[in-house]
Amino acid sequence: MIVAGIDIGSRSAKAAIMKDGEIVGSVIRDTGAESIKTAYQAIETALHNANLELDDLNYTIATGYGRVLVPFANDNVSEISCHARGVNWYFPSVRTILDMGGQDCKAINCDDKGAVTNFIMNDKCAGGTGRFLEMIADVLNTPLTEIGDLALASKSARPFNIVCAVFAKSDALHYLRQGVQKSDIMAGLNEAIGTRCLSLLKRVTIEKDFAITGGIAKNKGMVAKLTEKVGMTPMLSPDPQLIGAIGAALFAMDRCQGNKVISSPKVNYGYSDGTGVYYITMDSAKCNGCNACVETCPNGLFSLSYEDGKKSAVIKKEMLKKISQVCPGISVCRNQRENTCESVCKSNAISHSW
Amino acid sequence: MITAIGVDIGSLTTKSVVLNETKIISTAVIRSSDETELCARTTIEQALQQIGLSFNPDIKVIATGLGSKSVTFSQSKSLTACLARGVNSIYPTARMAIDMGAESSTIIKLNERGRLTDWLSQDKCAAGTGVFLEQMAKLMNLTSAEMDALSFKAKFPPEITNTCAVFAESEVISHVHRVPATLREDIAAGIYRSVLGRIISMCKRIGIQREVVATGGVAMNKGIIAILNQELGFDILVPDNPQIVAALGAAIIAREATTGAKM
Amino acid sequence: MTTNNKVNSIVQSCRVILKMATPGSLPKSDILYYQMLSKYYTKLLKAKENGNFVAAHTVFFPAEILYAMDIVPMHTEMTTWLVALFLGEQAELLSAGAELGLAAEICSPHRGLAGAFLRGYLPRPDVMLWSNLICDNTAKSGELVMKLNNCPGYFVDHPFQHSKAEVSYLVNELKGMIRFLEEHSGHKMNWDKLAETVARSNQQLALTREINELRKLVPSPFPTQGFLKLLSADYLFPGQPEAIEYLTQLRDELKNNASENKTAGKTEKYRLMTLFLPPIYLMSYLDKLYQEYGAVSVVEPMFNSRAEAEFDPSQPLKSVAEKSYLIPESRVMYGPLTDEVVKYVVDSATDYKVNGALFWAFLGCRHACATIKIFKDALNAADIPMLAVDCDIVDPTINPREEIGEKLGQYFELLEGL
Amino acid sequence: MTVSTETSMINLPALEYFRSVNSTFPKNQEILDFKEKGKKVFGWLCTYVPEEVIIAAGALPVRITGYGRETDLADGNAYLYINNCSFSRSCLQRGLRGDYSFLDGVVGGSTCDGARRLFDAWRRYINTPFYQVLTVPRKTTDEAQALYLDQVISFKQNLEEFLGLQITETALLQAIEVCNETRDLLKKLYELRKRPEPPINGAQTLEVLTASFRMPKVNFNQKLKILLNELEHSKVVYNGRARLMVVGSVLDNPEFIKLIEETGGLVVTDELCTSTRYWSDPVIIQEGESAISAIARRYLTNFPCARMYPSEERFDRILALCRDFRVDGVLSQIIRYCVPYAHDFPLLNDKLKTAGIPVLDLDVEYGTSGSGQIRTRVQAFLEMMEAKK
């Protein structure tokens with residue numbers, strides 16, 4: 001059985017291919033502007049590494065910020081559940097997880113099955129997140145991969161009161177001006193971020209074992225700081241950034257017992273941007289293949305597909321990446337003509353999110 | 001002959017103004033570096049070179065801005081005081097000034113005698129500062145100047161809802177990459193609006209009073225000034241070289257200290 | 001809930017201060033002040049073994065009634081933060097509050113208060129008493145504390161406005177509290193004792209007024225942060241002999257200083273109005289700073305009662321109710337912000353001949369900060385510049401003290417320029 | 001959820017109408033028509049203000065709300081302070097920008113610090129001809145009720161004086177009748193949501209509630225009757241992965257509920273100033289009691305806000321709602337700096353968890369339509385509940 005988990009994060013996209021419970025291919029790449037393209041590129045590279053093809057996949061689960069609109073995914077699961085599940089696969093004893101992503105930071109509790117029992121997430125401020133560290137690395141002109149080790153060399157950390165990504169930057173500059181060692185600046189920042197993470201962790205229950213996921217787990221300085229703050233040595237998986245994708249793949253595995261696929265009948269097609277996520281949901285379970293939508297849509301978005309003998313409407317493959325250009329959204333469409341894909345669908349199999 | 005020099009050390013640029021008894025005889029603006037002391041000296045020397053002179057320690061120097069206290073050859077004065085003095089010397093009728101710097105915005109109020117009576121500055125969060133604007137311009141592969149020029153063409157500026165620079169970044173990116181993409185001029189204007197929203201809020205907090213003057217590097221952007229005028233509902237005054245106003249103020253204070261004569 | 005009572009630290013600190021005091025190094029009033037503190041907390045510490053009944057209560061609470069009933073009071077906010085300060089454990093108490101699930105937007109003193117009970121830093125009270133003076137935080141604190149100590153409690157509902165009906169409603173609330181206390185403590189209300197207390201409250205008000213008059217003198221003979229001691233005297237021993245003794249001594253000293261033209265600081269260049277509370281953990285730092293610039297706080301209209309009222313000992317309960325309306329906080333901060341209130345603040349500025357006003361914008365206090373614009377506009381109209389300084393009154397991590405010092409420095413420079 | 005809001009819109013014109021009423025608020029056609037007739041409009045803020053008295057005076061009560069969406073609060077921040085809740089800042093900004101210039105008066109209650117200061121600033125910087133803030137006790141004892149009656153009577157008298165008319169007993173009785181009918185109809189609407197597969201979802205319900213503060217009650221009642229009838233015959237039904245309840249203070253942006261329901265949950269009930277706390281209890285006139293005293297009692301003893309003491313009553317009513325609507329999980333949406341609700345959270349959280357109902361703590365700004373983060377939190381919450389099953 002071959003399954004895939006794909007994690008479209010705000011800054012990077014990851015994919016993991018699992019064959020009979022073993023990881024056979026994976027990839028980590030930057031998230032481009034169009035999450036759909038990114039998704040395809042990511043999965044294709046991962047499959048390529050395992051010399052497999054898209055059609056070989058029995059089941060795919062998407063997670064992360066762009067999870068709702070991965071066209072080839074059978075379903076999506078939140079990154080919180082996926083991280084817990086992924087960590088549990090490596091370390092069943094873990095009960096407390098800290099995940100630091102590009103723009104957010106999460107504290108998670110889970111049980112011995114890797115099921116989430118409690119979680120908390122940071123709010124509107126990006127202070128003390130992955131992006132934050134990128135900016136700092138930029139100021140100290142030290143590669144992101146090295147700033148961690150930098151802090152370890154520190155003798156006297158400098159205090160940072162603000163964690164505003166941009167302003168910690170100017171504080172750092174200020175210190176540089178005073179000729180403060182980069183290591184001491186970095187150590188100070190780690191202290192500030194560490195405190196922030198700890199207060200987040202305190203809002204769930206801190207019980208052993210403790211694991212750190214996300215890019216941050218590669219940052220030795222932060223890991224040391226967190227070990228000190230939390231008072232537990234964290235479990236670190238070989239590729240902490242991949243955990244979410246692995247978790248998703250594991251969920252995918254559950255979904256197809258044996259080789260029989262129980263896929264969510266609903267698939268979302270659409271696009272996302274900073275103003276929100278926009279998608280059309282097609283429910284193949286409800287669709288009776290009446291073809292009305294295919295005839296009605298003025299932009300020829302739909303076509304009928306035949307899967308295991310059942311006719312059901314889908315969005316044309318060539319249209320997948322053009323939805324934002326082709327479909328104006330149902331409310332607009334409804335005002336333009338009296339028949340829309342939704343109104344003609346007697347079985348309510350089509351719905352728009354915008 | 002030279003009577004006094006003022007230096008304003010910003011996070012991005014360092015400015016100096018050289019005065020004789022009656023007027024400005026030279027100015028210089030250089031990029032700030034990590035060594036404050038060196039920075040201050042270099043900009044002064046540059047200003048002096050332009051008029052074929054070199055620095056002599058007898059000249060009274062007053063420095064303001066970041067780390068100005070640490071400069072050995074000068075006295076330090078607060079930015080607000082220098083701004084007030086500078087603004088008043090250019091526009092005696094000014095009652096309020098909006099200084100938009102690289103990493104902080106400061107609003108000052110002056111009384112009819114041109115004395116500083118109130119100020120408000122925000123330096124806790126990057127939203128609404130020069131760096132923020134530069135970052136946003138970069139996202140659209142524009143220089144601040146290009147973004148500014150574009151902003152005039154804006155027809156339907158979108159509302160940039162995120163104030164946190166990091167989130168605003170992804171918001172702008174999304175506008176850029178949206179199909180069909182939001183026009184860059186509209187995005188630019190949208191960014192200005194969100195920045196000015198915060199600045200005007202600060203003005204209202206201490207009470208808007210005309211005439212209002214705009215200073216600081218950001219004020220060199222005609223586009224942002226145009227929108228500021230719109231939002232305020234009246235035209236604000238912008239000196240020819242808004243960047244050096246604080247340095248000018250520092251210089252004047254220095255001269256007053258030496259000659260006791262007021263400009 | 002653990003029991004590691006830390007109130008002792010207050011008593012010890014007072015003892016140390018008093019021990020180190022060489023003749024003349026501390027004014028007699030200060031000695032009385034620290035004796036007052038240690039007396040209050042010794043009583044609290046000994047309460048259990050003396051078989052006393054302990055009632056915890058929130059800020060601006062009519063403790064007169066407790067004294068009249070021979071019940072040992074525990075001022076929760078003040079006790080929490082004295083402990084935190086003397087032990088430097090602000091962070092600990094705040095994170096304890098967070099563990100309880102109290103959001104960061106909740107005022108830090110009250111987050112810490114709950115934290116202090118969770119950690120068992122404060123002794124378990126026999127009952128919890130609280131009221132909605134001065135804010136929603138005070139109004140909501142009680143129930144959580146009751147749960148943490150699992151003790152009974154009584155909430156005194158303080159009405160918003162000062163109408164006849166509202167005063168009698170408040171009197172009724174207090175009656176209810178007395179019934180509640182009699183039932184749980186077995187103590188009877190001693191009305192004569194309350195009457196005496198009220199009589200002393202008149203004396204206390206009179207003394208406060210005298211002291212205020214002295215502070216109007218130029219230069220002011222009264223030290224900048226002294227008003228906090230005035231405040232604590234009323235917090236701990238309202239209408240009690242201890243407060244009277246302290247205030248009398250203080251007044252005499254001030255009279256004396258005034259006659260010898262002694263100033264509070266070295267010089268008096270700037271007379272300041274203080275609005276709301278400065279960060280209490282910065283007091284000594286601020287004192288130095290004020291000295292350096294020759295600034296003295298001469299009036300605190302939000303925290304220093306100078307009401308011209310006379311209470312009627314024959315109506316003790318009504319008097320106690322009326323007193324709660326006289327607390328400036330309840331007029332300036334809790335009640336409607338009428339033109340009279342604004343005028344009261346502006347007039348104080350002129351009466352006390354202030355050059356400028358400092359508003360300590362404690363971000364945890366929503367209703368205080370919301371008045372900044374209104375007071376700024378009113379004071380500026382009277383040509384008095386007002387600076388609002390963002391701060392947290394107990395949490396040092398919010399605004400570094402250098403930053404605050406920098407701002408004050410700039411402000412004094414501004415005053416200089418005028 | 002199997003059906004999106006829009007689909008069902010097509011068969012529910014009455015709902016469309018309510019939506020149109022909300023879309024142009026505050027100056028919507030209903031209000032303009034009312035003013036056309038030369039009648040007065042009074043803005044009220046907070047559920048403790050008795051609408052009946054305003055209606056009995058022949059005037060239109062309109063609930064003051066903010067923008068109903070997250071937006072730059074430049075003026076709100078300037079005249080209040082960032083640590084006042086975004087709801088009060090949003091309302092004040094609308095006032096400052098003249099959006100409420102059509103109001104002849106504003107009436108509020110001394111309910112929380114945020115509201116008190118909003119009124120202080122409103123009185124000082126926005127001149128609305130009539131202005132009153134009622135003292136609202138935090139208890140519901142007989143004395144408290146007497147005090148509140150005293151306040152309501154003074155409000156009535158001030159109104160009479162301001163409008164130069166008498167508010168008769170009959171007028172009050174009629175007003176009570178209309179308002180009670182609104183409450184009754186809204187109750188019927190909620191009854192539909194108790195079904196295993198309700199004909200209306202949370203986002204749609206919020207549209208109805210929001211419209212109810214923004215038009216004459218008579219018109220509203222008539223429209224709502226039509227809607228109830230439409231829903232009886234509507235073939236569209238909703239079901240979700242879980243039946244959810246939203247608790248908190250003010251919420252008037254349906255987009256927020258929509259986002260929650262997009263993740264697959266179905267919002268079946270709520271405990272908000274803008275919903276159950278608004279319509280729950282009818283005014284009941286007891287033997288030989290005057291209308292005004294019945295009104296005062298109802299408003300003080302109605303479904304309590306977190307400001308009231310003791311909090312148990314609020315908690316118990318939340319638990320009752322959970323039971324009646326068979327709620328699987330509770331979303332606590334607390335607007336930042338809403339201290340009464342923030343303070344109650346630890347206690348409420350305990351109560352619900354002991355009752356076996358999981359709680360998701362969402363800290364939001366007023367008017368938010370929900371970010372990707374909120375979507376993630378809600379989805380994870382649903383997954384968490386499913387994993388427990």
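Is B:N141 buried or exposed? B:N141 is exposed, because 10 other C-beta atoms lie within 10 Å, and the cut-off for exposed is 12 or fewer. Keep in mind that this is a predicted model.

Stay with B:N141 for a moment. Its phi is positive, about 50°, although B:N141 is not a glycine. Most residues other than glycine have a negative phi. Where does B:N141 sit? Look in the loop between α3 (130-139) and α4 (144-151) of chain B.

C:K353 is not a glycine, and its phi is positive, near 50°. Find C:K353 in the loop between α15 (339-351) and β7 (356-362) of chain C. C:K353 is partly exposed, because 13 other C-beta atoms lie within 10 Å.

Next come two peptide bonds. Most peptide bonds are trans. In chain A, the bond from A:K208 to A:D209 is cis, and its omega is near -5°. A:D209 belongs to the loop between α6 (182-202) and β9 (210-213) of chain A. In chain B, B:R210 and B:E211 are joined by a cis peptide bond with omega about -10°. B:E211 is in the loop between α6 (184-206) and β9 (212-215) of chain B.

Now follow chain A into a sheet. It is an open sheet of four strands in the order β8-β7-β6-β9 of chain A, and the pairing is mixed. Which strands form the edges? They are β8 (116-121) and β9 of chain A, each of which pairs on one side only. From one strand to the next, the twist averages 15°. Helix α6(A) packs on this sheet and touches β6 (96-100), β7 and β8 of chain A. The direction of α6(A) makes about 35° with that of β7(A). Look also at how β7 (residues 105-110) of chain A meets β8(A): the two pair in the antiparallel sense over five bridges. Within this pair, A:I108 stands opposite A:F119.

Move on to chain D and its strand β7 (residues 329-335). Seven of the seven residues of β7(D) are buried, so the strand is largely enclosed by the rest of the structure. Both faces are covered. On one side are D:G329, D:L331, D:Q333 and D:I335, and on the other are D:V330, D:S332 and D:I334.

What pairs with β7(D)? One partner is β5 (residues 242-248) of chain D, parallel to β7(D) and joined by five bridges. Here D:G248 stands opposite D:Q333. Another partner is β8 (residues 359-364) of chain D, which runs parallel to β7(D) and is joined to it by six bridges. There D:I335 stands opposite D:V364. To get from β7(D) to β8(D), the chain passes through α16(D), and this β-α-β crossover is right-handed.

Finally, see how chain D meets its neighbours. In chain D, 38 residues are in contact with 34 residues of chain C. Elements that give two or more residues to chain D's side are α5 (74-79), α7 (113-125), α8 (142-163) and α16 (339-354) of chain D. Which element gives the largest share? That is α16(D), with eight residues. By class, this side of chain D has 18 nonpolar, eight polar and twelve charged residues.

Chain D also touches chain B. Here seven residues of chain D are in contact with nine residues of chain B. Chain D's side has two nonpolar, two polar and three charged residues.

Notes
Residues numbered from 1 in each chain as written. Chains lettered and ligands numbered in written order. Predicted model: local features only at pLDDT ≥ 70, side-chain atom pairs only at ≥ 80, totals over all residues. Contact = placed C-beta atoms within 7 Å. Nonpolar A, V, L, I, M, F, W, Y, C, P; charged D, E, K, R; others polar. Buried ≥ 20, exposed ≤ 12 C-beta atoms within 10 Å, placed from the backbone. Pairing = 2+ DSSP bridges. Right-handed = clockwise from strand over helix to strand, strands pointing away. Axes fitted to C-alpha atoms, helices over the stretch in contact; angles between N-to-C directions.
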